[in-house]
Amino acid sequence: MTPACNENICGFEVSPFPEKPGYLPISDEEFRRDTLAAWCRGGYREKIAAALYGGEREWAALYKDRDVSVRGAVACRADEATQLKMLTDPEPVVRKYLARYGTDKVRTAAVKGWETDTEVLMEIAKWGSAATKRRVLELAWHLPETLKQVIPYLSPGCIKKLEIYPDREVQYTAAMYGGMAQCRRFLDAIRKDRDTGSFLMRWNIQARVEELGKVKKALLGGLFRSRKHVEMER
């Protein structure tokens, strides 16, 4: 008999859940429950499997496990109530899983709890709602290095607000992810600057403007062709 291939769940490789042997005088439900219970008392691989295949009972038993991988697996699969309890986990990797796989209520609670890890905030901004993205912007406003990292995941409205940011590097990064008008305004603001940094910024922003121009032209061309096709069919 060919062995079953491992499954990949949330980036964790686990073996498929075993089938109940026919000779066991218990129901499938009892077999599953007993297997998960045994895994919760096993090594970290078994605990990870229990977290990913299990439910509330397994999450309650494992969300404070000493192994970070086990807690990460719980963060991926747990219900909202359990995920909210895990927001104070000391390991950023666990909080990243919460940001990625949690509900928006979990992400919003993380930001309100003054999460400051850059990579966690990036995940929150990437997967969060528009309101959550605004909270990330507010939280990172006084952290320019963090701001530069989260900008690619912010909404257009949030990115536009960064035009007035006091740090030029942040303004530049925002322009690189902003629209045509924002790029041109930034170019105009540094037009007279002659330092090497400004030269590189101008070069990159000009390339961005050209790229946006090509996209606009392609979209307008597609719209024109679509209208022409409709008119021909009439």
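**The largest cavity**

Begin with the largest cavity of this predicted model, which has a volume of about 50 Å³. A cavity is a set of points, on a 1 Å grid over the protein atoms alone, where a 1.4 Å probe fits but cannot get out. Grid points are joined across faces, edges and corners, and a volume is the space filled by probe spheres set on the points. A search of the whole structure finds one cavity of 30 Å³ or more.

Residues are numbered from 1 along each chain as its sequence is written, and side-chain values use heavy atoms, with hydrogens and water left out. As the model is predicted, local features need pLDDT of at least 70 and side-chain atom pairs count only at pLDDT 80 or more, while totals for chains, interfaces and linings use all residues.

To display the lining, select Leu87, Arg95, Leu98, Ala99, Val106, Arg107, Ala110, Val120 and Ile124; lining residues have an atom within 4 Å of a point. Helix H6 (92-101), helix H7 (104-112) and helix H8 (118-127) each supply at least two residues of this lining. Helices (H or I, at least four residues) and strands (E, at least two) are DSSP runs, numbered from the N terminus. By class, the lining of the cavity has seven nonpolar, no polar and two charged residues. Here Ala, Val, Leu, Ile, Met, Phe, Trp, Tyr, Cys and Pro count as nonpolar, Asp, Glu, Lys and Arg as charged, and the others, Gly among them, as polar.

**Helix H6**

Next, select H6, in which Val94, Arg95, Tyr97, Leu98 and Ala99 are buried. Buried means under 20% relative accessible area, exposed over 50%, and partly exposed in between (1.4 Å probe, protein chains only). The cover over these buried residues includes E2, helix H4 (68-77), helix H5 (80-85), H7 and H8.

**The largest pocket**

Now turn to the largest pocket, which holds about 210 Å³ of space. A pocket is an open set with protein on both sides within 12 Å along at least five of seven lines. Select Asn6, Phe12, Glu13, Val14, Ser15, Trp39, Tyr44, Arg45, Glu46, Ile48 and Ala49 to show its lining. Strand E2 (12-14) and H2 are the elements that give two or more residues to this lining, and H2 gives the most, with five residues. The lining of the pocket divides into six nonpolar, two polar and three charged residues.

Cys10 lies in the loop between strand E1 (7-9) and E2. The residue has a positive phi of about 55° although it is not a glycine. Most residues other than glycine have a negative phi. Cys10 counts as buried because its relative accessibility is 18%.

**The nonpolar cores**

Which residues of the largest nonpolar core touch the most other members? Of the 52 residues in this core, they are Phe12, Tyr53, Val74, Ile124, Leu147, Leu154 and Leu162. Helix H2 (residues 44-53) gives the most to the core, with six residues. A nonpolar core is a set of buried Ala, Val, Leu, Ile, Met, Phe, Trp, Tyr and Cys residues joined through side-chain atoms within 4.5 Å.

A second, separate core of 10 residues includes Tyr172, Ala175, Cys183 and Ile205.

Select Leu147 next: apart from neighbours within four places in sequence, Leu147 is in contact (heavy atoms within 4.5 Å) with Leu137, Ala140, Trp141, Leu162, Tyr165 and Val170.

Cys158 is found in helix H11 (residues 156-161). Is Cys158 buried or exposed? Cys158 is buried, because its relative accessible area is 1%. Beyond four places in sequence, Cys158 is in contact with Lys133, Arg134 and Leu137.

Move on to Arg168, in helix H12 (residues 168-177). Arg168 counts as partly exposed, at 30% relative accessibility. Not counting residues up to four places away in sequence, Arg168 touches Phe186, Ile190, Asp193, Asp195, Ser198 and Met201. The C-alpha atoms of Arg168 and Tyr53, 115 residues apart along the chain, are separated by 49 Å.

Trp203 lies in helix H14 (residues 196-233) and counts as exposed, at 54% relative accessibility. Between the C-alpha atoms of Trp203 and Leu187, 16 residues apart along the chain, the separation is 9.5 Å.

**Confidence**

Finally, colour the chain by pLDDT, the predictor's confidence in each residue, from 0 to 100. The mean pLDDT of the protein chain is 89, and 91% of its residues reach 70 or more.
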